[in-house]
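Trainee: I would like to go through this structure by question and answer.
Mentor: Go ahead, and take one topic at a time.

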Amino acid sequence: MPTDEFRDLIEGYTTFRQTHYAADAERYRDLAALGQTPRTMIIACSDSRVDPSRIFNARPGELFVVRNVANLVPPCEAHGSYHGTSAAIQFAVEMLKVERILIMGHARCGGVRAFLEGASSDRPAQSFIEKWISLLGPAYEALLAEGLPDDAEARQRLMEQVSVTQSIENLLSFPFVKEAVADRALRLQGGFFDVSTGQLQLLDAETKRFEAIPI
């Protein structure tokens, strides 16, 4: 066994078995026997600093989580190239019948930074990363029309948050999502997590502003 190369992971697993699993062993057995019935789907960034299960103190089986670079939702494309996240959304809505979907952006997102750096350099989208983050293009064009802040940090924060609203709009391009919103009140919500402060903000549907959750 490659124990030396993965010693930190094995030690973490040992701790998990002795603590978290031991405390929730019956729940894990029930989940294995009965399957999962999460109420919430979260689409979050792959960033190692942003773990939805830890942020929301969730127990096993409570969250159906999809993570990708920059927490993006692609538009519905029958013959496009972006099907991994789309398949997960369809599974959550049609099979699991989740009650809410949260798009959770975060501060200091490397994917958003890479997009902004590429947008300013006009380099072609040749890599897997650049192809994926090109999904931010419509949000960026809309911000350009309104005028982007001169300050780089403010510009990135604005882009990080606007990308969440764009992803919510893209969610509604999926017929099964739009139908679930209309027929059974599936709720779509935007969120934003600040890594440095641990503060979570939620998007107000009326004001279109992110408001901090009071502690």
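Predicted model: local features only at pLDDT ≥ 70, side-chain atom pairs only at ≥ 80, totals over all residues.

Trainee: How are helix 5 and helix 10 oriented to each other?
Mentor: Helices here are DSSP runs of H or I with at least four residues, strands are runs of E with at least two, and both are numbered from the N terminus. Helix 5 and helix 10 (residues 175-184) pack at about 30°, with axes 10 Å apart; axes are lines fitted to C-alpha atoms, for helices over the stretch in contact, and angles run from 0 to 180 degrees between N-to-C directions. Angles under 35 degrees count as roughly parallel, over 145 as roughly antiparallel, 65 to 115 as roughly perpendicular and the rest as oblique. Helix 5 is therefore, relative to helix 10, roughly parallel.

Trainee: Which residues of helix 10 does helix 5 meet?
Mentor: Contact means heavy atoms within 4.5 Å. From helix 5, the residues taking part are Ile89, Gln90, Val93 and Glu94. Their partners in helix 10 are Phe176, Val177, Ala180 and Arg184.

Trainee: How many residues of the contact of helix 5 with helix 10 are charged?
Mentor: Ala, Val, Leu, Ile, Met, Phe, Trp, Tyr, Cys and Pro count as nonpolar, Asp, Glu, Lys and Arg as charged, and the others, Gly among them, as polar. In this contact of helix 5 with helix 10, five residues are nonpolar and one is polar. The number of charged residues is two.

Trainee: How do helix 8 and helix 9 lie to each other?
Mentor: The axes of helix 8 (residues 137-146) and helix 9 (residues 152-171) come within 9 Å and cross at roughly 120°. The relation of helix 8 to helix 9 is therefore oblique.

Trainee: Which residues in helix 9 are met by helix 8?
Mentor: Helix 8 brings Pro138, Ala139, Tyr140 and Leu143 to the contact. The residues of this contact of helix 8 with helix 9 divide into seven nonpolar, one polar and no charged. On the helix 9 side they are Leu158, Met159, Val162 and Gln166.

Trainee: Is Ser86 buried or exposed?
Mentor: Buried means under 20% relative accessible area, exposed over 50%, and partly exposed in between (1.4 Å probe, protein chains only). Ser86 is in helix 5, and its relative accessibility is 9%. Ser86 therefore counts as buried.

Trainee: Is Lys97 buried or exposed?
Mentor: Lys97 lies in the loop between helix 5 and strand 3 (100-106), and has a positive phi of about 55° although it is not a glycine. Because its relative accessible area is 51%, Lys97 is exposed.

Trainee: Which side chain makes a polar contact with the side chain of Gln201?
Mentor: Gln201 is in strand 5 (residues 200-203) and is buried at 13% relative accessibility. A polar contact is a pair of N or O atoms within 3.5 Å; within protein, one must be able to donate a hydrogen and the other to accept it, and residues adjacent in sequence count only if both atoms are side-chain atoms. At 3.5 Å, the partner of Gln201 is the side chain of Gln161.

Key: Residues numbered from 1 in each chain as written. Heavy atoms only, no water.
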